[in-house]
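Here is a short report on one protein chain. Start by looking over the sequence and the model.

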Amino acid sequence: MLHLVPRSSSSSDLLEGLNDAQRTAVMHTEGPLLIIAGAGSGKTRVLTLRVAYLMQAGVHPSHILALTFTNKAAQEMKERIGHLVGEGTGARMWAGTFHSIFARILRAEAEHIGYTSGFTIYDTDDSLAAIKAVMNAMGISQQVMPPQGVRSRISSAKNAMVSWQEYVRKADSIQEKQTGQIYEEYEKRLTQSNAMDFDDLLLNTIRLFERHDDVLQKYQQRFRYLLVDEYQDTNRAQYIAVSMLAKAFRNVCVVGDDAQSIYRWRGADIRNILDFQKDYPEAVVVRLEQNYRSTKTILSAADAVIKNNRKQLAKTLWTENPEGEKITLLACRDDREEADAIVRTLRERISKSNFTYKDVAVLYRTNAQSQSLEDALRRSNLPYHIVSGVSFYKRKEVKDTLSYLRLLVNPADSESVMRVINEPTRGIGATSLQRIAEWAQQRNVAMFDALREVGMIPNVQKRTVTAVLEFVDLIDRHRALLEELSPSSLAQSYIEATGMMQQYKQLDTEESRDRWNNIDRVLSHIAETQERDDTLTLATYIEQIALLSDADDPQLGNNRVAMMTMHAAKGLEFPLVVIAGLEQGLFPLAKAELDMNEQEEERRLFYVGITRARQQLVLSYAERRYRFGELVFNRPSMFLSEIDKALFDEKSQKGSRAIEPMRASHGMDQRPESAAPVRRSYGDRGGAARGYGAIPPPSSGPAGRPKESYSQVPASESYSQEPTSSSGLRVGMRVKHPMFGVGTVAGLSGSGQQAKATVQFLNGGRKQLMVAFAKLEVI
DNA sequence: AGAGCGTCGCTTTTT
DNA sequence: GCGACGCTCT
């Protein structure tokens with residue numbers, strides 16, 4: 001053991017202050033290890049200490065690979081290990097997300113699988129654009145086949161390791177057959193563009209390992225000690241990749257908590273963690289059950305909630321922490337009132353309990369909820385930030401800039417070509433582009449190569465040819481400088497040369513100045529990144545951006561109230577946590593009300609939310625809220641009634657019926673329309689309350705803000721169910737449409753001739769139909 | 001080619 | 001309620 005370890009951490013120091021289970025986990029160095037880590041049980045501490053312990057035991061850092069789900073988790077792990085063993089030593093181990101680590105491997109080995117190392121990573125938007133392009137070329141209507149659905153079906157297939165060949169073979173419905181054809185063309189387009197989507201980063205790594213045993217062996221030898229965080233969230237592909245790497249040494253340590261599995265929708269397969277002992281019969285299992293994070297009250301609430309899930313590993317989380325404050329429930333009339341109530345509560349607590357802004361997190365189920373909360377925080381001047389790092393990179397001008405940069409590294413990237421070729425306008429119109437694209441497809445060459453030959457393509461105007469060649473030259477000219485200039489100065493002069501900045505400068509409107517600024521921010525960011533990392537290349541920069549996630553928020557350290565979805569909050573903790581929008585249909589989401597698996601996942605998500613809190617927990621719901629610009633009534637979430645009433649403070653207990661023990665009608669096995677429908681008197685007003693299958697509670701008097709038509713709702717209707725429209729349709733009914741097939745009514749709006757029904761069809765399509773015209777047959 | 005207008009779908013969660 | 005996209009007109 002020759003690498004440097006600071007004297008202060010001898011191995012006995014490392015083990016100090018650990019409980020028995022933690023110590024066992026840290027000291028287990030050889031052979032498979034499963035750590036079931038309850039929320040707040042010191043998981044990260046154990047992981048980092050274990051790595052330090054391994055290094056002290058003589059394992060070279062470069063033989064250790066840690067896989068996480070977010071860049072942030074990887075970053076944190078690296079930092080903490082750096083503290084323990086010295087930064088230089090810590091930096092020599094590989095730690096990163098599945099996607100970034102595999103991207104790194106694929107760059108090094110790209111030729112083996114027919115790529116070049118400059119391949120581009122397509123994000124969800126890029127791959128959607130590619131799918132649309134493919135569908136256009138194939139003449140498939142995007143009306144009948146929503147590209148979004150195609151994308152998600154293809155993605156699920158990839159996550160389950162189903163190739164297009166297999167998909168085509170197994171397809172039996174017309175939808176699936178068509179999806180299969182699109183899948184095939186999409187794959188071809190990706191390969192031709194020298195591009196991979198997120199899922200490919202995993203799949204191609206597996207392919208690489210399967211086809212090139214020598215390569216696999218190389219990485220098996222390098223990564224002798226594997227560590228996988230959040231193992232309950234691994235999907236099929238990730239599971240297989242880990243198994244392949246672990247095969248030689250079987251030193252694989254996985255950490256997870258089945259109660260915190262919240263990515264089933266993304267292909268996460270909880271069986272991976274449940275079956276770990278089958279895969280590795282010699283595995284040692286350690287349970288971390290002592291919680292160091294939360295008060296007894298918070299933990300009791302979390303436990304009470306998760307107990308309602310049937311599929312669960314038995315586990316008892318306990319704590320020596322004090323009882324702590326009771327839980328507060330804010331029962332509000334509408335979303336605006338909810339936001340105000342939350343702000344008021346935060347102000348109170350911050351002054352009374354010595355919290356500062358950064359001690360507080362406001363969590364919600366859907367990003368859309370951030371709007372009203374944000375407004376309220378802004379109005380009252382509470383410093384806040386929204387954790388959703390992607391939004392900046394979704395701006396048009398930012399995407400354009402990045403696309404230009406991508407072209408420099410990988411000119412074959414057709415999605416980028418299409419995006420920027422006429423940005424700023426160069427007189428290259430849609431018609432010309434289509435001709436070029438067709439020509440490219442006929443000859444099976446990448447778009448950029450077709451552009452070079454544009455002079456030979458029939459029916460392209462002389463002027464257009466000149467413009468195209470100038471564009472090609474712009475890219476080529478700067479491409480030649482890739483080796484010579486630093487990423488930052490190249491990007492600077494190149495983006496300047498594209499004319500984008502000039503275009504926005506000339507416009508000189510507030511919006512265009514904004515856009516100009518954003519481009520400038522990207523360029524400065526490159527400069528900064530380069531300063532911190534002198535090995536930076538444009539390729540690695542672009543990759544970092546592509547793999548950025550919501551949870552990777554640079555602002556998180558600042559003294560501000562944090563707002564984020566519960567998904568983004570996983571792995572974080574805050575002294576005070578507010579969970580907003582606890583309403584049936586929103587949390588749990590409407591589609592989880594009938595589907596037990598979905599419902600259990602929602603409940604786990606709630607569990608994750610609750611266990612983020614260290615000291616105080618505030619829950620809130622609104623009786624009505626705007627959704628899609630329409631007012632919607634909600635019942636309080638069933639999850640609220642699962643928490644013992646005694647855990648709430650007195651005021652909350654009095655203030656709301658929501659925490660009364662569950663009534664029979666409350667979700668679970670009941671279909672929402674099973675209660676007797678009550679006629680609504682405002683049926684002809686148009687735009688009936690299209691609830692999430694919800695009832696306005698009796699307390700809902702006229703509210704301040706809602707549209708007039710709703711403030712008049714007579715009290716007698718308070719308990720009415722989802723309105724039965726004149727057509728006799730109700731939410732949840734199964735119907736048959738002559739063209740689209742069988743589906744379920746997901747929503748109703750309007751009435752009489754204007755009545756519309758939203759129907760979720762079994763083939764995945766979702767349509768809003770005029771009840772009067774669509775021949776819907778109730779089945 | 002580009003501006004202007006209307007329609008549609010969107011909000012579940014992310015690498 | 002908004003933004004993306006497609007259509008039409010100039």
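Asn 194 is buried, with a relative accessible area of 8%. Buried means under 20% relative accessible area, exposed means over 50%, and partly exposed lies in between (1.4 Å probe, protein chains only). Asn 194 has a positive phi of about 55 degrees, although it is not a glycine. It sits in the loop between α10 (174-192) and β5 (195-197).

Asn 354 has a positive phi of about 65 degrees and is not a glycine either. Its loop runs between α17 (335-352) and β12 (360-364). Asn 354 is exposed, with a relative accessible area of 68%. Most residues other than glycine have a negative phi, and most peptide bonds are trans.

## About the model

This is a predicted model: local features need pLDDT of at least 70, side-chain atom pairs count only at pLDDT 80 or more, and totals for chains, interfaces and linings use all residues. Residues are numbered from 1 along each chain as its sequence is written, chains are lettered from A and ligands numbered from 1 in the order in which they are written, and side-chain values use heavy atoms, leaving out hydrogens and water.

## The chain overall

Chain A has 32 helices and 22 strands. Helices (H or I, at least four residues) and strands (E, at least two) are DSSP runs, numbered from the N terminus. Buried residues make up 55% of the 779 residues in chain A.

Contact means heavy atoms within 4.5 Å. Among contacts in chain A between residues at least 6 apart in sequence, 74% join residues at least 24 apart.

## Two cis prolines

A cis peptide bond joins Glu 423 and Pro 424, with omega about 0 degrees. Pro 424 lies in the loop between α21 (414-420) and α22 (430-443).

Phe 587 and Pro 588 are also joined by a cis peptide bond; here omega is about 10 degrees. Pro 588 belongs to the loop between β15 (574-579) and α30.

## A covered helix

Helix α16 (residues 296-306) is mostly covered: eight of its eleven residues are buried. Among them are Thr 297, Ile 298 and Leu 299. The buried residues of α16 pack against β9 (290-291), β10 (318-319), α30 (596-610) and β16 (613-627).

## Crossing helices

Helix α20 (residues 396-409) and helix α25 (residues 487-498) pack at an angle of about 115 degrees, with their axes 11 Å apart. Axes are lines fitted to C-alpha atoms, for helices over the stretch in contact, and angles run from 0 to 180 degrees between N-to-C directions. The two helices, α20 and α25, are therefore roughly perpendicular to each other (65 to 115 degrees). On the α20 side, the contact is made by Thr 401, Tyr 404, Leu 405, Leu 407 and Leu 408; on the α25 side, by Leu 490, Ala 491, Tyr 494, Ile 495 and Thr 498.

Helix α11 (residues 198-211) and helix α12 (residues 213-222) pack at about 110 degrees, with their axes 5 Å apart. That makes α11 roughly perpendicular to α12. Leu 208, Phe 209 and Arg 211 in α11 meet Asp 213, Val 215, Leu 216 and Tyr 219 in α12.

## The core

The largest nonpolar core has 47 residues; Leu 405, Ile 436, Leu 451, Phe 471, Tyr 494 and Ile 495 touch the most other members. Such a core is a set of buried Ala, Val, Leu, Ile, Met, Phe, Trp, Tyr and Cys residues joined through side-chain atoms within 4.5 Å. Not counting residues up to four places away in sequence, Ile 436 touches Met 447, Ala 450, Leu 451, Val 454, Ile 457, Val 460 and Val 468.

How values were computed:
Angles under 35 degrees count as roughly parallel, over 145 as roughly antiparallel, 65 to 115 as roughly perpendicular and the rest as oblique.
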